[in-house]
Amino acid sequence: MSTEMTHPSASEPVVDRPIMSPAVDVFENQDELLIVADLPGVTSDALSIDLEDDRLTIHGRRKALCSEDTPVLMGGGRAFDFKRVFTIPDAVDADKITAELTGGVLQLHLPRHERTKPRRISVQSNG
Amino acid sequence: MWMTWNDFDRHFAAIDTLRRELERSVGGTRRSRNLGRWPEATLIDEGERFVFAVDVPGLTQDDLVIDVHNSTLTVAARRAVTPPEGFATLRSERAGFEWKKSFSLPAKIDGEKTAASLDDGVLTIRLEKLPEAQPRRISIA
């Protein structure tokens, strides 16, 4: 409703549903980047992880706890979508990205390309 | 001092304008991005039972304590988030937490038949109502 008034030419979603942003930790070591996301109530069939160019998108849907007409005494219980987008550095080997979802926690491993791993160059001394 | 109807209108109009301004600056793009928190705890009434669900990602049953006493439900949860060995932290949003929530349910519960399950980081507790608290249809004579 207010979208129309402020941006008459903006495209509106057909269904006005909020999109939640999951909490995420990002770690790194010399072998990989590790993204850990809290996705409680999400099963692997309801989760998509897409990589396009350097954009990694984690998105999906969490299903409702109950039907629309069940009385809710507190909180939500409704279905909602979630999404988070990351820009992945070139140093990541996209073909080797792996993901595991356990206990509502997603672990995304983004291994570095072999050639970009830090390496120590040994110095020969001459003379 | 009584406010006239006009005063009310003006006050709400000011708040509405503020809200629109806010929406315009925050929600400039197509998508209505809800920057609010992921919903945490839910309590619903399924007629024969209450169902309580709370998000506890990464927790196991050792991290949880559930008590039902008369019609009061108490849940305690604890999560410690430790960074993985040998990694540097670039971003940290997933917080550790420790909480205890108590709810006074509006009907008597059968403690014997209350069951809890933990799946995909969600703790779900089904609290069956006692027979005398079950919903019943009253017919009109």
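Guide: A residue is called buried when its relative accessible area is under 20%, and exposed when that area is over 50%. Please note that the model is predicted.

Visitor: Does B:K129 count as buried or exposed?
Guide: B:K129 lies in the segment after β8 (122-128) of chain B. Its relative accessibility is 8%, and the limit for burial is under 20%. B:K129 therefore counts as buried.

Visitor: Which residue's backbone oxygen does the side chain of B:K129 reach?
Guide: Residues touched by B:K129, not counting those up to four places away in sequence, include B:D45, B:E48, B:A107 and B:Q134. The side chain of B:K129 also reaches a backbone oxygen at 2.9 Å, that of B:G47.

Visitor: Which strands stand at the edges of the open sheet of 5 strands?
Guide: The order is β8(A)-β9(A)-β3(A)-β2(A)-β5(B), with antiparallel pairing. Each edge strand has a single partner strand, so one side of each is left without a neighbour in the sheet. These edge strands are β8 (98-102) of chain A and β5 (88-92) of chain B.

Visitor: What is the bridge partner of A:F27 in β5(B)?
Guide: Strand β2 (residues 24-28) of chain A runs antiparallel to β5(B), and 4 bridges join them. Within β5(B), A:F27 has as its bridge partner B:T89.

Visitor: How many bridges pair β5 (residues 55-62) of chain A with β7(A)?
Guide: One bridge partner pair is A:R55 and, in β7(A), A:T87. The two strands pair in the antiparallel sense, and the number of bridges is 8.

Key. Residues numbered from 1 in each chain as written. Chains lettered and ligands numbered in written order. Predicted model: local features only at pLDDT ≥ 70, side-chain atom pairs only at ≥ 80, totals over all residues. Heavy atoms only, no water. Buried < 20%, exposed > 50% of the residue type's maximum accessible area, 1.4 Å probe, protein only. Polar contact = N/O pair within 3.5 Å; in protein donor to acceptor, adjacent residues only side chain to side chain. Contact = heavy atoms within 4.5 Å. Pairing = 2+ DSSP bridges.
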